Amino acid sequence: MHVDDVHEKIVSINQVSKAYGKQEVLSQISLNIYKGEIFGLLGPSGAGKSTLVKMLTGLEVPNEGDTYLFQQKMPSLKLMERIGYMAQSDALYGELTAKENLEFFGALFGLKGKALQRRIDHVMSIVELTEHLNKSIHHYSGGMKRRLSLAIALLHEPELLILDEPTVGIDPVLRKRIWDTFYELNDKGTSMIVTTHVMGEAEKCHRLALIRDGGLIAVGTPEQLKAQTHSSSIEEAFLAYGGVKA
Ligand SMILES: Nc1ncnc2c1ncn2[C@@H]1O[C@H](COP(=O)(O)OP(=O)(O)OP(=O)(O)O)[C@@H](O)[C@H]1O
């Protein structure tokens with residue numbers, strides 16, 4: 001993280017609540033995220049992580065409260081160019097090849113010609129799918145689809161990446177490589193919000209929000225969260241804050 005970036009707020013979530021019918025999924029969430037951070041949202045399945053990140057992308061709107069991205073109120077179509085979003089379920093065209101999918105999404109972001117082809121080569125090499133570029137998505141495994149979704153999120157070099165469980169179904173060796181890439185992108189100035197229920201992944205974030213039953217139970221650096229609860233691991237800290245096993 002760059003010291004100069006520390007106080008530039010890129011995400012502001014103010015008293016946000018969301019319900020689906022009678023089920024309250026998010027309750028009075030307030031949170032700021034700063035430029036240059038790799039920020040993790042950690043919580044068990046169903047805690048509300050996906051719903052929260054969908055609000056940042058404009059795919060969901062809160063019942064109460066508001067969210068700001070780059071200091072502008074969401075939802076806002078023009079902010080979409082500045083973010084790369086990787087949803088939890090892959091939004092890919094199964095009958096197309098990986099290359100055609102990348103070309104489609106690249107075009108949405110105004111990329112074309114040689115510049116687009118260069119970006120496609122680059123992002124496919126990051127996720128180690130270069131040799132599968134011309135394969136139809138029907139023939140991709142679940143992990144390959146995840147990696148392609150990540151490649152698409154990286155394609156237009158967004159300044160903020162919002163990644164919903166980016167490494168689910170990805171083996172540990174490639175997971176490490178992908179995290180190395182996250183750090184490289186972060187060094188070059190990309191901010192990141194990553195949801196996870198994997199403790200080891202949470203430890204890699206600069207700051208974390210622990211979420212349970214739609215509520216924020218703690219926010220801090222992994223070190224702070226451990227120190228405040230006299231824990232030796234994030235898992236222990238999460239339990240100490242009243243979380244259930246993530
Ligand atoms: N469109 C929807 N309609 C009704 N209920 C929903 C909808 N989307 C999410 N929910 C419910 O909201 C709760 C939170 O879901 P969400 O996907 O945000 O959790 P999560 O923390 O991302 O979990 P996971 O890690 O399993 O994806 C769950 O109980 C889920 O069933």
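**Entry 1**

I count a residue as buried if 20 or more other C-beta atoms lie within 10 Å of its own. I am working from a predicted model. I applied this criterion to helix H1, which covers residues 49-57. The buried residues of H1 are Lys49, Ser50, Thr51, Leu52, Val53, Met55 and Leu56. These are seven of the nine residues of H1, so I note the helix as largely enclosed by the rest of the structure. Just after H1, I found Gly58 with a positive phi of about 85 degrees.

**Entry 1: the ligand shell**

Which residues surround the ligand? I listed Tyr20, Val25, Gly43, Ser45, Gly46, Ala47, Gly48, Lys49, Ser50, Thr51, Gln88 and His197. By residue class, I recorded three nonpolar, eight polar and one charged in this shell. Which element gives the most to the shell? Helix H1 does, with three residues.

I then looked up Asp213, which lies in the loop between strand S9 (207-212) and strand S10 (215-220). Is Asp213 buried or partly exposed? Asp213 has 17 other C-beta atoms within 10 Å, so I put it down as partly exposed. From Asp213 to Ser45 there are 168 residues in sequence, but the C-alpha atoms are 9.4 Å apart in space.

**Entry 2: the chain as a whole**

I counted eight helices and 10 strands in the protein chain. The radius of gyration is 18 Å, close to the 18 Å that the globule rule gives for 246 residues, so the chain is as compact as a globular protein of that length. I noted a C-alpha trace spanning about 50 × 40 × 35 Å along its principal axes. Of the 246 residues, 38% count as buried. Among contacts with a separation of 6 or more, 67% are between residues 24 or more positions apart.

In the UniProt record, an unreviewed entry, I found the feature "domain: ABC transporter" at residues 11-238. Over residues 11-238 I recorded 35% helix and 27% strand, with the end C-alpha atoms 24 Å apart.

**Entry 3: the four-stranded sheet**

I traced an open sheet of four strands in the order S2-S1-S4-S5, with antiparallel pairing. Strand S2 (23-34) and strand S5 (72-73) stand at the edges with a single partner each, so one side of each has no neighbour in the sheet.

How many bridges join strand S1 (residues 9-20) to strand S4 (residues 64-69)? I found five, and the two strands run antiparallel. Ile13 has Thr67 as its bridge partner in S4, and Ser12 stands opposite Tyr68 in S4. As a reminder to myself, side chains in a regular strand alternate between the two faces of the sheet.

**Entry 4: Ile83 in strand S6**

I placed Ile83 in strand S6 (residues 83-86). With 21 other C-beta atoms within 10 Å, Ile83 is buried. Leaving out residues up to four places away in sequence, I found that Ile83 touches Thr57, Pro158, Leu160 and Ile162. I also looked up Ile211: Ile83 and Ile211 are 128 residues apart in sequence and 23 Å apart in space, C-alpha to C-alpha.

**Entry 5: backbone exceptions**

Most residues other than glycine have a negative phi, and most peptide bonds are trans. I therefore list the following exceptions to that rule.

Phe70, in the loop between S4 and S5, has a positive phi near 50 degrees. Phe70 has 17 other C-beta atoms within 10 Å and is partly exposed.

Where does Glu128 lie? I located Glu128 in the loop between helix H3 (113-126) and helix H4 (142-154). Its phi is positive, about 55 degrees, although Glu128 is not a glycine. I counted 16 C-beta neighbours inside 10 Å, so Glu128 is partly exposed.

Which two residues does a cis peptide bond join? I found Met74 and Pro75, with omega about -5 degrees. Pro75 is in the loop between S5 and S6.

Note on methods:
Residues are numbered from 1 along each chain as its sequence is written. This is a predicted model: local features need pLDDT of at least 70, side-chain atom pairs count only at pLDDT 80 or more; totals for chains, interfaces and linings use all residues. A residue is buried if 20 or more other C-beta atoms lie within 10 Å of its own, exposed if 12 or fewer, and partly exposed in between; C-beta atoms are placed from the backbone. A residue is near a molecule or strand if its C-beta atom, placed from the backbone, lies within 6 Å of it. Ala, Val, Leu, Ile, Met, Phe, Trp, Tyr, Cys and Pro count as nonpolar, Asp, Glu, Lys and Arg as charged, and the others, Gly among them, as polar. UniProt positions are given in the numbering used here, feature names are shortened, and annotations may be inferred rather than shown by experiment. The radius of gyration is taken over C-alpha atoms; the globule rule is 2.2 Å times the number of residues to the power 0.38. Two residues are in contact if their C-beta atoms, placed from the backbone, lie within 7 Å. Two strands pair if DSSP finds at least two bridges between them.
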